[in-house]
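Subject: Model handover

Hello,

Here is the structure you were waiting for.

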Amino acid sequence: MTVAATPAPSPATTGGESGVRLARSRRNAELSLLLLAMVLVAAYMATVEANLLDTVTPDFWMPAAALGAVFLGLHLVIRFLAPFADPALLPAVALLNGLGVGFLRRIDLGEAAPVDREDLATFAGIGGRQLAWTLAAVILAAGLLAIMRDHRSVSRYAYTLGLAGIVLVMLPAVLPRSISEINGAKLWIRVGGFSLQPGEFAKLALLVFFAYYLVRKREVLSLASRRFLGIDFPRGRDLGPVVVVWLISLLVLVFEKDLGTSLLYFGMFVVTLYIATERVSWLLIGLLLFFGGAYLAYVLGSTVGGPFANFYLRAEIWLDPFADPTDKGYQLVQGLLALGTGGLFGAGPGGGQPDILPEVQNDFIFAGIGEEIGLFGLSALLVVYLLIVERGLRAALAVRDSFGKLLAGGLAFTLGLQVFVIVGGISKLIPLTGQTTPFLSAGGSSLMANWLLIAVLLRVSDGARRPVTGSSGKASRPSGGPPEQLHGAPTEVIKP
Amino acid sequence: MNAPLRRVGIVVMVLFGLLFANLNWIQAYKADEYRTSDYNGRVQVADYKRKRGNIEAGGTAVATSKETTGKLKFQRSYPGGAKYAHVLGYKPVNLADTGIEQVENDFLAGTSDQLIGDRFKDMFTGDETGGGNVLLTLSKRAQDVAYDQMRNNQVDAKRGAAIAIDPRTGAVQALVSMPSFDPNPLVSHNTTEAAAEINKLEQNPDGPLKNRALSETLPPGSTFKIVVAAAALENGVTKTTPIPAGSSYTPPTSGTPIRNAVASICPEPQVTLLEAVTESCNTGFAQLGVRLGADKVKEKARQFGFEQEDLTVGQLGEGGLRTAASRTGDMLNPDGSPDPAALAQSSIGQNNVRMTPLQGAMIAGSIANGGSQMRPYLVRQLLAPDRTTSYYTAKPRELRQPVSGQTASDLRDMMVSVVQKGTGQKAAISGYTVGGKTGTAQSAPDRPDHGWFIGFALDKNGNPVSAVCVVLEQAGSGGSAEAARIGGQIMRAAIADPGGR
């Protein structure tokens with residue numbers, strides 16, 4: 001999966017180092033890929049205008065140029081602050097983010113009266129708002145890179161972040177409906193015309209806590225266990241936090257009516273636990289608990305109702321969306337019809353009718369895009385997502401400390417799981433749960449949280465790819481001395 | 001920790017593989033099913049990308065499409081409003097289409113296989129050429145007169161139908177169902193308004209959406225006597241043969257006596273068949289029917305087109321507006337034995353006899369046309385979007401031969417007598433020979449009678465030029481005379497403007 005581009009001699013190699021691994025920063029490769037991504041985004045926007053307006057306005061390139069400028073800024077920040085970071089991450093995310101802005105702008109164009117279409121301002125509509133959010137999110141990501149010079153430094157705040165994460169998750173559940181509920185899901189904090197989904201940020205905070213806790217406990221979790229039915233069960237006191245998180249995700253499901261988020265947190269936790277302990281039994285227990293819980297919720301939903309009724313309804317819609325195609329199953333049916341109409345090649349950017357789809361700018365954006373770029377286009381998008389996830393996992397494999405491994409591995413997997421949950425949901429592979437599609441869906445919280453996630457992955461990959469020895473010491477070490485040594489966490493050397 | 005990380009990598013690959021496989025299933029395997037699903041509104045928007053062709057009557061577009069600035073690029077419009085509603089039907093955005101709009105949809109929309117050449121051209125020019133044009137047989141003037149006269153009838157009937165056909169070809173010259181409706185609001189791009197409008201029409205107790213000319217049947221009353229007379233003529237009775245009549249007749253097994261409309265009609269014990277038709281003598285035909293037997297009456301009705309379930313009026317080949325079958329009904333007792341009382345009632349067009357106005361016009365038309373009944377049709381030509389090529393031109397076809405030339409001639413004389421000195425005098429047209437038969441049919445004991453008229457017009461050379469059937473539902477007394485007057489007016493308009501053939 002290495003990227004073919006002109007290799008730039010990095011500072012490390014110019015030092016005459018003759019190590020077995022040639023440490024190359026590949027920043028120029030990143031730049032070329034980024035430019036290519038921006039050309040694709042601009043071409044997409046031009047095609048949209050050609051299809052919707054029968055002409056391409058002289059200003060079609062404005063959003064693409066604004067995106068290009070801010071991504072270029074981030075590229076420069078990476079060049080100075082994380083020179084060895086993975087060069088594929090930024091271009092891949094930039095492509096997705098750019099296409100997302102382009103598609104949202106396309107929805108604005110479609111909804112505008114034909115006479116107003118040519119005059120749609122760069123920052124108008126949801127497309128414009130998304131563009132503004134992107135600028136903010138990228139600046140935030142650059143800020144994180146600047147503050148966090150070594151990924152291990154965040155472990156200092158693990159408990160604080162863990163507590164903050166739980167508070168963020170629970171906050172909408174305890175807040176009154178008037179400021180926390182949108183479309184039946186209590187996931188929001190709305191102040192004025194401004195809304196925030198704290199759960200998006202909680203994801204990151206909780207993962208830092210998981211990684212830290214598990215690194216500390218990994219030996220006791222994997223060794224001190226009792227064997228029962230051929231499976232190694234850990235001791236109750238070590239199991240405590242697992243149960244707590246399980247309960248939190250259940251509470252999220254019950255109070256916020258959000259199966260997607262609970263599935264996401266739970267999957268995130270189980271996988272980090274598995275990576276830390278290397279015990280398959282954790283996966284089995286996790287899967288059993290999840291499916292058991294889901295089945296129980298389904299049964300309770302059909303009999304008791306109450307807070308489980310929403311889940312039951314979703315499961316029923318999933319099993320047969322065409323049973324009630326004009327009411328309850330409407331959204332899923334329309335999503336499937338959009339994808340089917342797109343077929344192999346799609347209707348072309350701007351050639352479809354995404355506005356038929358309810359929530360096409362959020363949950364159903366993948367179906368809306370799919371109508372216009374077809375199976376081939378969607379497959380390419382999936383490959384880009386897969387590339388980001390696998391690059392994140394690669395950073396985890398290569399990084400030398402356990403905390404970094406868990407952090408990057410967990411984040412990368414969570415991103416992949418989120419794509420799976422939402423894309424699987426809209427394509428009737430699994431029951432539909434409200435999730436944003438990372439980097440595509442409209443919404444500032446999701447965009448900022450995911451860019452922060454990418455910043456962390458960039459930081460870890462920088463740590464992973466940085467030469468171990470040699471003259472790189474001056475490159476960019478945090479000035480505050482070596483970070484705190486993690487208790488009981490042996491620093492691993494990369495195994496072949 | 002690297003081994004589980006690698007496995008997590010594999011798990012992610014598997015998850016994405018599942019997504020990929022599922023997308024293939026939806027976008028490749030199920031694509032056609034989803035694309036053409038009834039719930040897929042995109043199909044409709046695509047439908048409206050191409051300008052739908054015109055439907056024309058007598059050189060004037062009566063259904064046309066105008067470009068809009070909305071999401072749906074073309075708006076359907078019916079300049080004739082309610083006048084042509086039952087022929088054209090309508091092509092709404094979200095509801096079911098009807099009428100010629102429905103049966104010629106493929107051609108009008110431009111998706112017909114016949115127009116593949118034009119679509120192929122589009123691939124190179126990049127334009128969306130419109131759909132093809134459908135030319136109707138209707139005579140604009142006859143349709144105008146039929147619609148106006150029916151709406152402003154002098155007996156204040158609220159419901160009814162009128163249809164005129166060219167007896168030599170079967171081309172429909174006029175077709176009106178009353179009350180009518182304006183199809184324009186139904187094709188509004190605001191689908192909520194359109195749905196509200198159709199709901200209103202559906203709930204209207206007068207049933208304006210019903211095409212009474214083709215798909216509704218009513219007891220035909222005395223117009224059915226023509227069928228009985230035809231059966232009699234072919235069973236040894238002539239125009240001048242005396243048949244039993246009288247002021248009252250009680251069938252053998254039933255106590256209800258059959259009387260004539262007024263006492264002055266055939267009180268004498270015997271009248272000729274000609275007189276019985278001219279005067280519309282109930283007692284005479286009731287006895288004639290009983291003497292002929294149910295089988296002969298039913299068989300003759302069948303030969304005129306009764307009981308045909310699959311007749312459609314559109315192109316002469318397949319498709320077209322569906323019609324209801326006219327029925328003679330059973331004339332039997334519950335145990336299966338012949339019921340003379342029912343037969344006597346049926347012979348004067350009551351009991352279970354039901355007829356469509358189209359059937360009435362076809363009976364009159366076949367008698368005018370020397371016994372040859374032509375297949376009725378509404379579409380005379382299909383023209384390419386650019387009007388250069390014709391994809392279909394109607395070639396009239398005989399549907400059946402209900403009576404011999406001699407019988408047709410005798411029936412013609414009797415019907416001419418009805419208009420010259422009998423009950424149908426209001427249908428007369430100066431300079432033309434007009435024949436007809438009125439009918440007054442009881443609907444329900446406490447409701448006014450229906451007024452019927454079936455008739456035809458022959459030119460100076462004896463060539464038939466128009467055949468007509470007019471029904472005024474629950475018109476009460478004077479209904480059949482008014483139907484005759486309207487029938488005459490429609491035929492006179494059809495003579496002046498014969499419409500397309």
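Predicted model: local features only at pLDDT ≥ 70, side-chain atom pairs only at ≥ 80, totals over all residues.

Residues are numbered from 1 along each chain as its sequence is written, chains are lettered from A and ligands numbered from 1 in the order in which they are written, and side-chain values use heavy atoms, with hydrogens and water left out.

Confidence and chain B

The predictor gives the complex an ipTM of 0.88 and a pTM of 0.66. Of the 501 residues in chain B, 57% are buried. Buried means under 20% relative accessible area, exposed over 50%, and partly exposed in between, with a 1.4 Å probe and protein chains only. Contact means heavy atoms within 4.5 Å. Among contacts in chain B between residues at least 6 apart in sequence, 70% join residues at least 24 apart.

Cores

A nonpolar core is a set of buried Ala, Val, Leu, Ile, Met, Phe, Trp, Tyr and Cys residues joined through side-chain atoms within 4.5 Å. The largest one has 146 residues, and F366(A) and W451(A) have the most contacts inside it. Helix α14 of chain A (residues 365-398) gives the most to this core, with 18 residues. A second, separate core has 100 residues, including V134(B), I165(B), V172(B) and F181(B).

Leaving out residues up to four places away in sequence, W451(A) touches several residues, among them F71(A), L90(A), N97(A) and F439(A).

Aromatic pairs

Rings of Phe, Tyr and Trp (its six-membered ring) pair if their centres lie within 6.5 Å; planes under 30 degrees apart count as stacked, over 60 as edge-to-face and the rest as tilted. Over all chains there are 17 such pairs. One of them, F210(A) with F269(A), is edge-to-face at 4.5 Å centre to centre and 65° between the planes. F210(A) sits in helix α8 of chain A and F269(A) in helix α10 of chain A, so the pair ties together parts 59 residues apart in sequence. Both residues are buried. The ring centres of F439(A) and W451(A) are 5.9 Å apart with planes at 75°, so this pair is edge-to-face too. F439(A) and W451(A) are both buried.

Helix α8 of chain B

The 12 residues of this helix (residues 140-151) should span 16 Å at 1.5 Å a residue, and the end C-alpha atoms are 17 Å apart, which agrees. The expected span is 1.5 Å times one less than the number of residues. Its buried residues include A142(B), V145(B), Y147(B) and M150(B).

Disulfide

The structure holds 1 disulfide over all chains, a disulfide being a pair of cysteine sulfur atoms within 2.5 Å. C266(B) and C281(B) form it, with sulfur atoms 2.1 Å apart. The link is right-handed, with 95° about the S-S bond. Both C266(B) and C281(B) are buried.

Regards

Technical notes. Helix = DSSP H or I, 4+ residues; strand = E, 2+ residues; numbered from the N terminus.
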